[in-house]
Amino acid sequence: MTEPDARAALTAAQRAAFAADGFLVLPGFVDPAACDALRARADALVAGFDPGSTRSIFTTDEQARRTDDYFLDSADRVGFFFEEEAFDAAGALRGPVAGSINKIGHALHDRDPVFDAFSRTPALAGLVAALDVDDPRLIQSMYIFKQPFIGGEVRCHQDATFLHTEPDRLIGLWFALEDAGQDNGCLWALPGGHRGGLRARFVRTGRATRMDVLDPTPWDDAGLVPLEVGKGTLVVLDGHLPHGSRANRSPASRHAYTLHVVSGASAYPSSNWLQRATPARGFV
Ligand code: FE2
(Lines give C-alpha, C1' and ligand atoms only; values in the text may rest on other atoms or scores of the structure.)
Protein backbone atom coordinates (compact mmCIF):
# COMPACT_ATOMS: atom_id res chain seq x y z
CA MET A 1 0.00 0.00 0.00
CA THR A 2 1.32 3.42 -0.89
CA GLU A 3 1.21 6.39 1.44
CA PRO A 4 -1.35 9.03 0.44
CA ASP A 5 0.27 12.06 -1.15
CA ALA A 6 0.14 14.78 1.52
CA ARG A 7 0.45 17.40 -1.19
CA ALA A 8 -2.90 16.31 -2.60
CA ALA A 9 -4.56 18.58 -0.02
CA LEU A 10 -3.66 21.46 -2.34
CA THR A 11 -3.42 21.54 -6.10
CA ALA A 12 -0.13 22.35 -7.79
CA ALA A 13 -1.67 25.67 -8.86
CA GLN A 14 -2.61 26.50 -5.25
CA ARG A 15 0.89 25.71 -4.01
CA ALA A 16 2.36 27.82 -6.80
CA ALA A 17 0.03 30.71 -5.93
CA PHE A 18 1.01 30.52 -2.27
CA ALA A 19 4.70 30.56 -3.20
CA ALA A 20 4.19 33.54 -5.51
CA ASP A 21 1.81 35.64 -3.41
CA GLY A 22 2.61 34.60 0.15
CA PHE A 23 -1.05 33.90 0.86
CA LEU A 24 -3.81 31.59 -0.27
CA VAL A 25 -7.56 32.09 0.09
CA LEU A 26 -9.60 28.91 0.54
CA PRO A 27 -13.35 29.71 0.55
CA GLY A 28 -15.63 27.29 2.37
CA PHE A 29 -12.81 25.49 4.18
CA VAL A 30 -14.82 25.46 7.41
CA ASP A 31 -18.47 24.54 7.74
CA PRO A 32 -20.67 27.50 8.81
CA ALA A 33 -21.94 25.48 11.78
CA ALA A 34 -18.37 24.99 13.01
CA CYS A 35 -17.82 28.76 12.73
CA ASP A 36 -20.94 29.35 14.83
CA ALA A 37 -19.88 26.78 17.43
CA LEU A 38 -16.48 28.43 17.84
CA ARG A 39 -18.10 31.81 18.16
CA ALA A 40 -20.50 30.54 20.80
CA ARG A 41 -17.59 29.08 22.74
CA ALA A 42 -15.67 32.36 22.56
CA ASP A 43 -18.75 34.23 23.79
CA ALA A 44 -19.04 31.78 26.70
CA LEU A 45 -15.38 32.26 27.61
CA VAL A 46 -15.83 36.03 27.64
CA ALA A 47 -19.00 35.68 29.73
CA GLY A 48 -16.96 33.75 32.29
CA PHE A 49 -14.15 36.31 32.34
CA ASP A 50 -14.02 38.56 35.37
CA PRO A 51 -11.63 41.33 34.44
CA GLY A 52 -11.14 42.46 38.04
CA SER A 53 -8.08 44.64 37.90
CA THR A 54 -6.92 43.10 34.64
CA ARG A 55 -6.63 45.76 32.00
CA SER A 56 -4.38 44.28 29.39
CA ILE A 57 -4.84 46.12 26.13
CA PHE A 58 -3.90 44.99 22.68
CA THR A 59 -2.44 48.15 21.29
CA THR A 60 -2.22 48.40 17.55
CA ASP A 61 1.05 50.29 17.57
CA GLU A 62 3.36 47.30 17.57
CA GLN A 63 6.37 49.29 18.67
CA ALA A 64 4.54 50.50 21.71
CA ARG A 65 2.88 47.15 22.33
CA ARG A 66 2.14 46.84 25.98
CA THR A 67 4.08 43.90 27.33
CA ASP A 68 2.80 43.39 30.79
CA ASP A 69 3.11 40.16 32.76
CA TYR A 70 -0.43 39.18 31.80
CA PHE A 71 0.53 39.29 28.13
CA LEU A 72 3.78 37.36 28.58
CA ASP A 73 2.06 34.73 30.70
CA SER A 74 -0.68 34.19 28.13
CA ALA A 75 1.75 32.05 26.10
CA ASP A 76 0.16 28.90 27.44
CA ARG A 77 -3.01 30.28 28.94
CA VAL A 78 -6.33 31.74 27.86
CA GLY A 79 -5.92 35.50 28.24
CA PHE A 80 -8.30 38.35 27.41
CA PHE A 81 -7.11 41.59 25.85
CA PHE A 82 -9.16 44.75 25.55
CA GLU A 83 -9.67 47.09 22.64
CA GLU A 84 -7.69 50.28 23.08
CA GLU A 85 -10.82 52.38 22.55
CA ALA A 86 -12.85 50.40 25.10
CA PHE A 87 -11.82 52.81 27.86
CA ASP A 88 -12.69 56.42 28.52
CA ALA A 89 -10.17 59.09 29.48
CA ALA A 90 -10.51 58.13 33.14
CA GLY A 91 -9.67 54.50 32.36
CA ALA A 92 -13.19 53.16 32.88
CA LEU A 93 -14.81 50.76 30.43
CA ARG A 94 -17.20 52.59 28.13
CA GLY A 95 -19.46 49.56 27.68
CA PRO A 96 -20.01 45.92 28.65
CA VAL A 97 -16.96 43.65 28.74
CA ALA A 98 -18.42 41.47 25.96
CA GLY A 99 -18.21 44.37 23.51
CA SER A 100 -14.81 45.52 24.71
CA ILE A 101 -12.55 42.53 24.14
CA ASN A 102 -10.10 42.76 21.23
CA LYS A 103 -8.89 39.18 21.38
CA ILE A 104 -8.40 36.03 23.40
CA GLY A 105 -4.96 34.34 23.29
CA HIS A 106 -2.64 32.56 23.05
CA ALA A 107 -3.18 28.87 23.94
CA LEU A 108 -6.89 28.39 23.28
CA HIS A 109 -6.03 25.41 21.10
CA ASP A 110 -4.41 23.62 24.04
CA ARG A 111 -6.51 24.84 26.95
CA ASP A 112 -10.05 24.67 25.61
CA PRO A 113 -11.59 21.46 24.22
CA VAL A 114 -13.77 23.22 21.64
CA PHE A 115 -10.83 25.18 20.25
CA ASP A 116 -8.64 22.08 20.44
CA ALA A 117 -11.09 20.15 18.27
CA PHE A 118 -11.43 23.00 15.77
CA SER A 119 -7.65 23.37 15.52
CA ARG A 120 -6.65 19.76 15.16
CA THR A 121 -8.44 18.29 12.17
CA PRO A 122 -7.20 15.95 9.43
CA ALA A 123 -8.02 18.65 6.86
CA LEU A 124 -5.74 21.17 8.55
CA ALA A 125 -2.99 18.62 9.12
CA GLY A 126 -3.16 17.71 5.43
CA LEU A 127 -3.09 21.34 4.35
CA VAL A 128 0.01 22.13 6.42
CA ALA A 129 1.71 18.95 5.22
CA ALA A 130 1.02 20.07 1.65
CA LEU A 131 2.95 23.25 2.44
CA ASP A 132 5.98 21.14 3.38
CA VAL A 133 6.09 22.09 7.05
CA ASP A 134 8.28 19.45 8.66
CA ASP A 135 6.97 18.31 12.08
CA PRO A 136 4.30 21.07 12.40
CA ARG A 137 3.66 22.49 15.87
CA LEU A 138 0.72 24.69 16.87
CA ILE A 139 2.53 27.46 18.68
CA GLN A 140 -0.20 30.07 19.09
CA SER A 141 -3.92 30.71 18.73
CA MET A 142 -5.98 33.87 18.89
CA TYR A 143 -9.68 34.63 18.73
CA ILE A 144 -10.06 38.12 17.27
CA PHE A 145 -13.33 40.02 17.71
CA LYS A 146 -12.76 43.18 15.66
CA GLN A 147 -15.62 44.73 17.60
CA PRO A 148 -18.23 46.95 15.96
CA PHE A 149 -17.28 50.67 15.99
CA ILE A 150 -14.12 50.25 18.13
CA GLY A 151 -12.28 47.35 16.45
CA GLY A 152 -8.72 48.65 16.31
CA GLU A 153 -6.42 48.92 13.30
CA VAL A 154 -3.64 46.34 13.03
CA ARG A 155 -0.77 48.01 11.26
CA CYS A 156 1.04 46.28 8.43
CA HIS A 157 3.42 43.69 9.87
CA GLN A 158 4.97 40.27 9.30
CA ASP A 159 3.92 37.56 11.76
CA ALA A 160 7.49 36.24 11.87
CA THR A 161 8.41 39.51 13.60
CA PHE A 162 6.66 38.04 16.65
CA LEU A 163 7.34 34.32 16.09
CA HIS A 164 10.78 33.77 14.66
CA THR A 165 12.42 30.39 14.10
CA GLU A 166 15.76 29.29 12.69
CA PRO A 167 15.43 28.53 9.84
CA ASP A 168 12.47 30.86 9.69
CA ARG A 169 9.30 28.92 8.90
CA LEU A 170 5.92 30.15 10.07
CA ILE A 171 2.46 29.54 8.66
CA GLY A 172 -0.55 31.57 9.74
CA LEU A 173 -4.04 30.10 9.42
CA TRP A 174 -6.73 32.80 9.51
CA PHE A 175 -10.33 31.60 9.69
CA ALA A 176 -13.17 33.99 8.85
CA LEU A 177 -15.94 33.19 11.33
CA GLU A 178 -18.07 35.93 9.78
CA ASP A 179 -18.05 37.63 6.39
CA ALA A 180 -15.07 40.02 6.29
CA GLY A 181 -15.25 43.03 3.99
CA GLN A 182 -13.65 46.44 3.82
CA ASP A 183 -16.39 47.96 5.99
CA ASN A 184 -15.79 45.69 8.99
CA GLY A 185 -12.01 45.47 8.80
CA CYS A 186 -10.96 42.63 6.50
CA LEU A 187 -7.34 41.62 6.03
CA TRP A 188 -5.15 43.57 3.62
CA ALA A 189 -2.04 41.91 2.19
CA LEU A 190 0.94 42.83 0.02
CA PRO A 191 1.12 40.15 -2.70
CA GLY A 192 4.66 38.84 -3.07
CA GLY A 193 5.85 40.96 -0.15
CA HIS A 194 7.00 37.85 1.72
CA ARG A 195 10.09 37.66 -0.47
CA GLY A 196 11.62 40.92 0.76
CA GLY A 197 13.04 39.63 4.02
CA LEU A 198 12.07 40.13 7.65
CA ARG A 199 12.02 43.83 8.56
CA ALA A 200 11.67 43.71 12.34
CA ARG A 201 11.93 41.39 15.30
CA PHE A 202 10.05 41.67 18.56
CA VAL A 203 12.68 40.52 21.03
CA ARG A 204 12.24 39.37 24.61
CA THR A 205 14.89 39.56 27.29
CA GLY A 206 13.61 38.22 30.59
CA ARG A 207 10.35 40.04 31.29
CA ALA A 208 11.14 42.92 28.96
CA THR A 209 10.57 43.24 25.23
CA ARG A 210 11.76 45.56 22.49
CA MET A 211 11.34 45.97 18.75
CA ASP A 212 14.52 45.57 16.72
CA VAL A 213 14.19 47.16 13.29
CA LEU A 214 16.16 45.15 10.74
CA ASP A 215 15.10 47.15 7.67
CA PRO A 216 13.49 50.60 8.13
CA THR A 217 12.02 50.70 4.60
CA PRO A 218 8.33 51.64 4.97
CA TRP A 219 5.74 49.21 3.64
CA ASP A 220 4.26 49.90 0.23
CA ASP A 221 0.79 50.66 1.57
CA ALA A 222 -0.44 51.44 -1.95
CA GLY A 223 0.29 47.83 -2.92
CA LEU A 224 -1.94 46.33 -0.24
CA VAL A 225 -4.97 44.47 -1.55
CA PRO A 226 -8.13 43.74 0.48
CA LEU A 227 -8.91 40.11 1.19
CA GLU A 228 -12.69 40.27 1.27
CA VAL A 229 -13.82 36.79 2.20
CA GLY A 230 -16.94 34.95 3.23
CA LYS A 231 -17.66 33.15 6.48
CA GLY A 232 -15.84 29.82 6.60
CA THR A 233 -12.94 30.98 4.43
CA LEU A 234 -9.42 30.00 5.47
CA VAL A 235 -6.65 32.41 4.54
CA VAL A 236 -3.19 30.83 4.69
CA LEU A 237 -0.40 33.33 5.35
CA ASP A 238 3.34 32.98 4.92
CA GLY A 239 5.03 34.23 8.12
CA HIS A 240 6.91 36.84 6.10
CA LEU A 241 3.84 38.21 4.28
CA PRO A 242 3.17 41.90 5.10
CA HIS A 243 -0.47 42.24 6.13
CA GLY A 244 -2.75 44.14 8.47
CA SER A 245 -6.31 45.32 8.86
CA ARG A 246 -8.03 48.67 9.21
CA ALA A 247 -10.19 49.83 12.07
CA ASN A 248 -13.75 48.59 12.16
CA ARG A 249 -16.09 51.59 12.35
CA SER A 250 -19.10 49.63 11.09
CA PRO A 251 -21.93 48.19 13.21
CA ALA A 252 -20.87 44.64 12.20
CA SER A 253 -18.27 42.62 14.07
CA ARG A 254 -15.62 40.66 12.20
CA HIS A 255 -14.76 37.60 14.23
CA ALA A 256 -11.77 35.54 13.15
CA TYR A 257 -9.69 32.75 14.61
CA THR A 258 -6.00 32.39 13.91
CA LEU A 259 -3.51 29.59 14.39
CA HIS A 260 0.23 29.83 13.93
CA VAL A 261 2.26 26.80 12.99
CA VAL A 262 6.03 26.46 13.28
CA SER A 263 8.27 23.57 12.31
CA GLY A 264 9.64 21.31 15.01
CA ALA A 265 12.68 20.96 12.77
CA SER A 266 13.51 24.65 13.30
CA ALA A 267 15.10 26.08 16.43
CA TYR A 268 12.76 28.20 18.56
CA PRO A 269 14.85 31.01 20.09
CA SER A 270 14.47 32.12 23.70
CA SER A 271 14.28 35.66 22.31
CA ASN A 272 10.70 35.07 21.13
CA TRP A 273 8.16 36.73 23.44
CA LEU A 274 6.04 33.55 23.47
CA GLN A 275 7.69 31.00 25.74
CA ARG A 276 5.66 27.95 26.69
CA ALA A 277 6.15 25.83 29.79
CA THR A 278 5.51 22.71 27.68
CA PRO A 279 6.50 22.08 24.06
CA ALA A 280 3.94 23.02 21.43
CA ARG A 281 2.02 19.99 20.13
CA GLY A 282 1.22 19.17 16.55
CA PHE A 283 -2.11 18.20 15.00
CA VAL A 284 -2.48 15.02 17.06
FE1 FE2 B 1 -0.63 39.11 11.67
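Asp135 sits in the loop between helix H6 (122–130) and E4. This is a predicted model. Asp135 is not a glycine, yet its phi is positive, about 55 degrees. Asp135 is partly exposed, with a relative accessible area of 34%.

Phe149 also has a positive phi, near 70 degrees, in a residue other than glycine. Its place is the loop between E4 and E5. Phe149 is partly exposed, and its relative accessible area is 48%.

The backbone also holds cis peptide bonds. One joins Gly105 and His106. His106 belongs to strand E3 (residues 101–106). Another runs from Glu166 to Pro167. Pro167 lies in the loop between E5 and E6.

| Backbone feature | Angle |
|---|---|
| Asp135, positive phi | phi about 55 degrees |
| Phe149, positive phi | phi near 70 degrees |
| Gly105 to His106, cis | omega about 5 degrees |
| Glu166 to Pro167, cis | omega near -5 degrees |

Next comes the metal site. Which protein residues are donors of the iron ion? They are His157 (NE2), Asp159 (OD) and His243 (NE2), lying 2.1 to 2.2 Å from the ion. Their spacing in sequence is H-x1-D-x83-H. His157 lies in strand E5 (residues 154–157) and His243 in strand E12 (residues 243–245), so this pair ties together parts that are 86 residues apart in sequence. Both His157 and His243 are buried.

The largest nonpolar core has 41 residues. Ile104, Tyr143, Leu173, Phe175, Val236 and Tyr257 touch the most other members. Helix H2 (residues 32–47) gives the largest share of this core, 5 residues. Nonpolar side chains tend to be buried together in soluble globular proteins.

Phe175 is part of strand E6 (residues 170–176). Is Phe175 buried or exposed? Phe175 is buried, because its relative accessible area is 1%. Cys35 is 140 residues from Phe175 in sequence, but their C-alpha atoms are 8.6 Å apart.

Val236 is another core member.

Strand E4 (136–144) and strand E13 (256–263) are the elements that give two or more residues to its lining. That lining has 14 residues, and Arg137, Ile139, Val262, Tyr268 and Ala280 lie nearest the centre of the pocket. The lining residues divide into 6 nonpolar, 6 polar and 2 charged.

Methods: Residues are numbered from 1 along each chain as its sequence is written. This is a predicted model: local features need pLDDT of at least 70, side-chain atom pairs count only at pLDDT 80 or more; totals for chains, interfaces and linings use all residues. Side-chain values use heavy atoms; hydrogens and water are left out. On a 1 Å grid over the protein atoms alone, a cavity is a set of points where a 1.4 Å probe fits but cannot get out, and a pocket is an open set with protein on both sides within 12 Å along at least five of seven lines; lining residues have an atom within 4 Å of a point. Helices (H or I, at least four residues) and strands (E, at least two) are DSSP runs, numbered from the N terminus. Ala, Val, Leu, Ile, Met, Phe, Trp, Tyr, Cys and Pro count as nonpolar, Asp, Glu, Lys and Arg as charged, and the others, Gly among them, as polar. Buried means under 20% relative accessible area, exposed over 50%, partly exposed in between (1.4 Å probe, protein chains only). Donors are N, O and S atoms within 2.8 Å of the metal (3.2 Å for Na, K and Ca); water is not among the atoms, so sites may look incomplete. A nonpolar core is a set of buried Ala, Val, Leu, Ile, Met, Phe, Trp, Tyr and Cys residues joined through side-chain atoms within 4.5 Å.
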